[in-house]
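My notes follow as numbered points, to be read with the model open beside them.

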Amino acid sequence: MNDGEPDHRLGSYLRARRELVTPAQAGLPPGGRRRVPGLRREEVALLAGISPDYYLRLERGRDRNPSPQVLDSLARVLQLDDVERAYLLGLASARPRAPRRKRPEHVPARVHQLLAHLQIPAFVEGRAFDVLAANPMALALSPRLRPGENRLRSLLLDPEEQAFQQDWPKATADFVAALRTTIGDDTDNPRFVELVGELALSSQRFRTLWARHDVRTLDGGTATVRHPVVGELRLHRDKLPVDDVILVVYYPDKDSDSDEKLRLLAALSHPEQRTRT
């Protein structure tokens, strides 16, 4: 979780986002030699209507209480979307709190019952993308969806998962940004600290993405995967909050090629059903 000092996350975020905005994107002439492709501090200050000295204090953590008006101006200059702007406001309003103990995440009994009845890939994940429960179709889709696995760790470190994802670079960028969004100001959560530390040590891709400070949500969407048995599948994804955990379901368009392949996968995974029919 090392983004600098615990109370310096606002400055780290501003610096990371500043370095991603080019002068051309900000409407500035590109003249002069630049050490980095992004905006200079004084350029951000000028565009936001604040003094360079005040902006420098923000980036260096000397002022952690900017007004909402200043934050709105910075969000505009840094071209933040709604999710990124909300994250910036959250960093500015975060307050120190006592460290928390690691608390196990619990899957309600009714969700286990629901998983057993669903005929599409479905599983339950925790806030750190730990797989807590899964139905047979989820395991047929990917053995890396079995309970005990971590989806982000598999995505970054497992060659089979990398081959499974048709657009692995986008998937990794989305997951890492979603993790940062989920963490928010919960930086002392033991599970988050453990996971970020592990991936920072073992994955260059994670280190690169984490340094960007991207934030986004990862709820609904569509993914294309390459299954080793039935081939390419185009599946929609929905995430449904249940108490403190998330129910994730994957499903194809009805009567599509992916729908037929998913039915074939179900038959191959449950040969006794195929025999009865």
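**Notes on the fold**

1. Let's begin with strand β1 (residues 122–125), where Ala122 and Val124 point one way, Phe123 and Glu125 point the other way, and all are buried. Buried means under 20% relative accessible area, exposed means over 50%, and partly exposed lies in between, with a 1.4 Å probe and protein chains only. Helices (H or I, at least four residues) and strands (E, at least two) are DSSP runs, numbered from the N terminus.

2. A word on the source before going further. This is a predicted model, in which local features need pLDDT of at least 70 and side-chain atom pairs count only at pLDDT 80 or more, while totals for chains, interfaces and linings use all residues. Residues are numbered from 1 along each chain as its sequence is written, and side-chain values use heavy atoms, with hydrogens and water left out.

3. What does β1 pair with? On one count, four bridges join β1 to strand β5 (residues 245–251), and the two run antiparallel; Phe123 has Val248 of β5 as its bridge partner. β1 also pairs with strand β2 (residues 131–134), again in the antiparallel sense, over three bridges. Here Glu125 stands opposite Val131 of β2. Two strands are said to pair if DSSP finds at least two bridges between them. The hairpin of β1 and β2 has five residues between the strands, and Phe129 in this hairpin takes a positive phi near 70 degrees.

4. Now the whole sheet. In which order do the five strands lie in the open sheet? The order is β2-β1-β5-β4-β3, and the pairing is antiparallel. The edge strands are β2 and β3 (221–227), each of which pairs on one side only. On average, neighbouring strands of this sheet are turned by 30 degrees against each other, direction ignored. As background, strands of a sheet pair through backbone hydrogen bonds, either parallel or antiparallel.

5. Strand β4 (residues 231–242) is joined to β5 by seven bridges, and these strands run antiparallel. Arg237 stands opposite Tyr250 in β5. Helix α13 (residues 257–269) packs on the sheet and touches β3 and β4, with a direction that makes about 85 degrees with that of β4. Helix α6 (residues 109–117) lies across β1, β2, β4 and β5, running at about 155 degrees to β1. Axes are lines fitted to C-alpha atoms, for helices over the stretch in contact, and angles run from 0 to 180 degrees between N-to-C directions. Contact means heavy atoms within 4.5 Å.

6. Please look at Leu145 too, which sits in the loop between α7 (136–141) and α8 (151–157). Is Leu145 buried or exposed? Leu145 counts as buried because its relative accessible area is 8%. Leaving aside residues up to four places away in sequence, Leu145 touches Phe123, Val131, Ala134, Ala138, Leu139 and Arg151. The C-alpha atoms of Leu145 and Asp130 are separated by 9.2 Å, and the two residues are 15 residues apart along the chain.

7. Turning to the helices, α2 (residues 41–48) has Glu43, Val44, Ala45 and Ala48 as its buried residues. These pack against α1 (9–18), α3 (52–59) and α4. After α2 comes Gly49, whose phi is positive, near 75 degrees.

8. How do α2 and α4 pack? Their axes are 9 Å apart, at an angle of about 115 degrees. Val44, Leu47 and Ala48 of α2 make the contact with Ser73, Leu74, Arg76 and Val77 of α4. By class, five of these residues are nonpolar, one is polar and one is charged. Ala, Val, Leu, Ile, Met, Phe, Trp, Tyr, Cys and Pro count as nonpolar, Asp, Glu, Lys and Arg as charged, and the others, Gly among them, as polar.

9. Helix α4 (residues 68–77) also meets helix α5 (residues 82–93): their axes come within 10 Å and cross at roughly 145 degrees. Leu71, Asp72 and Ala75 of α4 make this contact with Arg85, Leu88, Leu89 and Ala92 of α5. The contact has five nonpolar, no polar and two charged residues.

10. Finally, the chain overall. The chain has 14 helices and five strands, and 45% of its 277 residues count as buried. Its C-alpha atoms fill a box of roughly 75 × 45 × 30 Å, taken along the principal axes.
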